[in-house]
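User: Hi! Could you walk me through a structure? I'd like to begin with the aromatic rings.
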Amino acid sequence: MVIDIGIAYHENVDHALEFFGDELRRFATDDDWTSLVMEEPVVLGVQELGDSSVTIRGYLKVAPDQRWTARRELFRRIKNRFDADSIEIPLPQRTVHVANPEELRS
């Protein structure tokens, strides 16, 4: 199961990766979920520098028939952890520049 999470550009990437990895490990050792986990989780690092966010990636091998259930729970935990630690998961943003009508006539 590949887990991609976008964080805001102003966030400290190393800090976010630390908390991300911690949540992956907590999930993998949680008594309610450990039976589904087949391998130790891996934090792969920065996956992409996107338009609105820096994408960090992790990997966790789980029982195939439970991957969607596990994925939803892991996303819930990561969102709560990032909220608690004030790590921003950004919304897409665009900057719009409006041309001066006088410039268009030249």
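**Aromatic rings and the sheet**

Analyst: Happy to! This is a predicted model, and by the rule for ring centres within 6.5 Å, the count comes to one aromatic pair.

User: Why give both a distance and an angle?

Analyst: Because a pair of aromatic rings is described by the distance of the centres and the angle of the planes.

User: Is Phe27 buried or exposed? And Trp33?

Analyst: Phe27 has 0% relative accessibility, so it counts as buried. Trp33 is at 14%, and because buried means under 20%, Trp33 counts as buried too.

User: Switching topic: what order do the strands of the sheet have?

Analyst: The order is E1-E3-E2, in an open sheet of three strands with antiparallel pairing. Strand E1 (2-7) and strand E2 (42-49) are the edge strands, each pairing on one side only. On average, neighbouring strands are turned by 25° against each other, direction ignored.

User: How many bridges link E2 and E3?

Analyst: Six bridges, in the antiparallel sense, with E3 covering residues 54-59.

User: And which residue in E3 does Val42 stand opposite?

Analyst: That's Tyr59.

User: Last one: where does helix H2 lie?

Analyst: Helix H2 (residues 67-84) lies across E1 and E3, and runs at about 25° to E1.

Note on methods. Residues are numbered from 1 along each chain as its sequence is written. This is a predicted model: local features need pLDDT of at least 70, side-chain atom pairs count only at pLDDT 80 or more; totals for chains, interfaces and linings use all residues. Side-chain values use heavy atoms; hydrogens and water are left out. Rings of Phe, Tyr and Trp (its six-membered ring) pair if their centres lie within 6.5 Å; planes under 30 degrees apart count as stacked, over 60 as edge-to-face and the rest as tilted. Buried means under 20% relative accessible area, exposed over 50%, partly exposed in between (1.4 Å probe, protein chains only). Two strands pair if DSSP finds at least two bridges between them. Helices (H or I, at least four residues) and strands (E, at least two) are DSSP runs, numbered from the N terminus. Axes are lines fitted to C-alpha atoms, for helices over the stretch in contact, and angles run from 0 to 180 degrees between N-to-C directions. Contact means heavy atoms within 4.5 Å.
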